[in-house]
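Trainee: I would like to learn how to read a model of this kind, feature by feature, and I hope you will give me the general idea before each case.

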Amino acid sequence: MTQSPVTTISEIGKHDGQSVTLRGWLYNLRESGKLLFPIFRDGSGVIQGVLAKNAVAAEVFDAVKSLTQESSVIVEGKVRADKRAPGGFELDVAAIEIVQRVSESDPYPISPKEHGVEFLMEHRHLWLRSSRQSSILRVRAEIIKAVRDFFDDRGFVLTDSPILTPAACEGTSTLFPVDYFDEQAYLTQSGQLYIEASAMALGKVYSFGPTFRAEKSKTRRHLTEFWMVEPEVAYATLDDIMDLAEGLISSVVKKCLERRRADLDVIGRDVSKLEKIEAPFPRITYDAAVQMLQEGHAQGALESKFEWGGDLGSPDETYLAQKFDRPVMVHRYPAKVKAFYMEPDPKNPAAALCVDVLAPEGYGEIIGGSQRMSSYELLVQRIREHGLPEEAFKWYLDLRKYGSVPHSGFGMGIERAVAWICGLEHVRETIPFPRMLNRLYP
Ligand code: 4AD
Ligand code: MG
């Protein structure tokens with residue numbers, strides 16, 4: 001092969017009319033008479049190559065013709081703009097070097113034909129190579145970058161929380177126990193308690209990391225390991241963090257539309273729905289939500305009648321979200337159904353100063369947050385009521401002894417955000433290697 005410059009498929013438009021070298025894999029191969037149409041992928045995208053039998057050296061033609069799916073190759077060819085091509089360009093292949101040819105006796109297991117979900121999940125390490133899965137992961141990366149930029153640009157300091165912890169944050173039923181030498185530890189369910197400490201040190205902080213919940217439920221929204229971004233702000237009220245949540249979501253959606261439109265197209269997302277996502281978002285109280293749900297039941301749109309006092313289930317969230325074309329913020333749930341650390345509403349102490357943000361189109365809760373309890377005495381009482389080990393919360397209670405201030409924050413599940421923005425049926429496609437009730441391999 002000659003020495004044309006190495007480039008990537010995503011950059012190929014800069015080389016129209018020139019010879020380039022691409023390093024990647026054979027995605028698919030089509031033959032039509034004396035023409036070969038290999039499709040190459042290189043991680044940044046896919047491009048169709050063209051070879052005419054009478055126009056290239058016989059060994060090049062034969063080498064391409066012999067290629068099996070996912071064989072690794074270095075190809076050289078001339079870039080040609082073509083309006084009909086998906087990325088706008090094709091490659092007239094002139095030379096090829098086969099790095100590894102996948103054997104016919106042990107072919108790549110994922111063929112272009114349809115496979116069942118279980119088979120694909122079992123081959124997740126290979127499934128990631130498909131155009132659709134690669135596009136989803138690019139959108140995921142964009143979402144994470146947009147989230148971090150959003151907070152970094154607004155003076156928040158990233159202070160990550162530990163993953164091994166001595167106590168529960170979000171209730172004891174979904175803890176993963178870990179044997180920590182002679183002590184009992186758990187994988188964290190949320191970094192919140194620790195960023196409350198760092199917010200008292202640094203004012204505006206956030207953490208971003210993996211969180212774990214031993215969710216026994218098999219739903220399309222639950223993972224046992226998921227990534228959460230959690231801002232926490234000293235002196236902020238519930239209203240302040242509702243503003244922050246709507247700002248974050250609109251900014252993330254806007255960045256994805258600006259930078260990942262081609263990937264959203266590959267995924268088949270109806271972007272017109274995302275284009276409507278602009279602040280302000282509707283805000284309704286839990287009480288108003290209950291009224292809407294009861295009306296929905298009376299009209300036959302909901303099977304069971306929602307009783308005041310319960311937590312919202314998936315069908316309830318979906319029903320409420322369908323009433324709006326942008327995320328809806330439901331605030332002031334009954335304290336009974338929420339976590340121990342939430343500040344009671346001074347106007348109605350049975351309600352907590354909390355908010356859940358429900359994504360449109362039935363994607364459910366993507367953000368949960370609240371104003372935190374600032375009183376030492378009440379917090380001790382709540383820890384006892386929830387049957388939590390007081391000893392493990394000693395440090396957390398210190399935050400209410402030494403300069404306690406009102407403060408608020410929330411957590412956004414990255415995978416729920418990816419599922420919604422990409423328009424995916426199930427969260428299993430939102431993370432490279434999902435962990436679920438029945439899935440620990442690969
Ligand atoms: O509502 P959650 O449980 O809130 C907390 O953990 C708070 N401590 C956060 C805070 O205030 N700093 O979880 C927050 C978000 C949910 O809205 C959802 O997006 C996501 O985390 N989430 C899950 N995502 C995937 N799989 C699961 N099992 C999830 N559980 C929660
Ligand atoms: Mg929640």
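Trainee: Which atom of ligand 1 is 2.8 Å from an N or O atom in the side chain of R213?

Mentor: The general idea is the polar contact, a pair of N or O atoms within 3.5 Å, where within protein one atom must be able to donate a hydrogen and the other to accept it, and residues adjacent in sequence count only if both atoms are side-chain atoms. Here an oxygen atom of ligand 1 lies 2.8 Å from an N or O atom in the side chain of R213. A polar side-chain atom of R372 is 2.9 Å from an oxygen atom of ligand 1, while for Q192 a polar side-chain atom lies 2.7 Å from a nitrogen atom of the ligand.

Trainee: What should I keep in mind about the origin and numbering of all this?

Mentor: This is a predicted model, in which local features need pLDDT of at least 70 and side-chain atom pairs count only at pLDDT 80 or more, while totals for chains, interfaces and linings use all residues. Residues are numbered from 1 along each chain as its sequence is written, chains are lettered from A and ligands numbered from 1 in the order in which they are written, and side-chain values use heavy atoms, with hydrogens and water left out.

Trainee: Which residues come nearest to ligand 1?

Mentor: A residue is near a molecule or strand if one of its heavy atoms lies within 4 Å of it. There are 23 residues around ligand 1, and E170, Q192, R213, E230 and E365 come nearest.

Trainee: How do I read pockets and cavities?

Mentor: On a 1 Å grid over the protein atoms alone, a cavity is a set of points where a 1.4 Å probe fits but cannot get out, whereas a pocket is an open set with protein on both sides within 12 Å along at least five of seven lines, and lining residues have an atom within 4 Å of a point. Grid points are joined across faces, edges and corners, and a volume is the space filled by probe spheres set on the points. The largest pocket holds about 1100 Å³ of space, and of its 45 lining residues E170, R213, E215, K338 and E365 lie nearest its centre. The elements that give two or more residues to this lining are β11 (225-234), α10, β17, β18 (407-413) and α13 (414-422), and β17 supplies the largest share, 6 residues.

Trainee: What is the make-up of the lining of the largest pocket by class?

Mentor: Ala, Val, Leu, Ile, Met, Phe, Trp, Tyr, Cys and Pro count as nonpolar, Asp, Glu, Lys and Arg as charged, and the others, Gly among them, as polar. By that division, the lining of the largest pocket has 16 nonpolar, 16 polar and 13 charged residues. The second largest pocket, with about 690 Å³ of space, is lined by 30 residues, of which I9, S44, G45, V46 and G87 are the closest to its centre. Helix α7 gives the most to that lining, with 5 residues.

Trainee: Is α10 mostly covered or mostly exposed?

Mentor: Buried means under 20% relative accessible area, exposed over 50%, and partly exposed in between, with a 1.4 Å probe and protein chains only. Helices (H or I, at least four residues) and strands (E, at least two) are DSSP runs, numbered from the N terminus. Helix α10 (residues 314-321) is mostly covered, with 6 of its 8 residues buried, namely D316, E317, T318, Y319, L320 and A321. Taking contact to mean heavy atoms within 4.5 Å, the buried residues of α10 pack against α9 (286-298), β13 (328-331), β16 (354-359) and β17 (364-371).

Trainee: How does the chain read as a whole?

Mentor: The chain has 13 helices and 18 strands, and 52% of its 442 residues count as buried.
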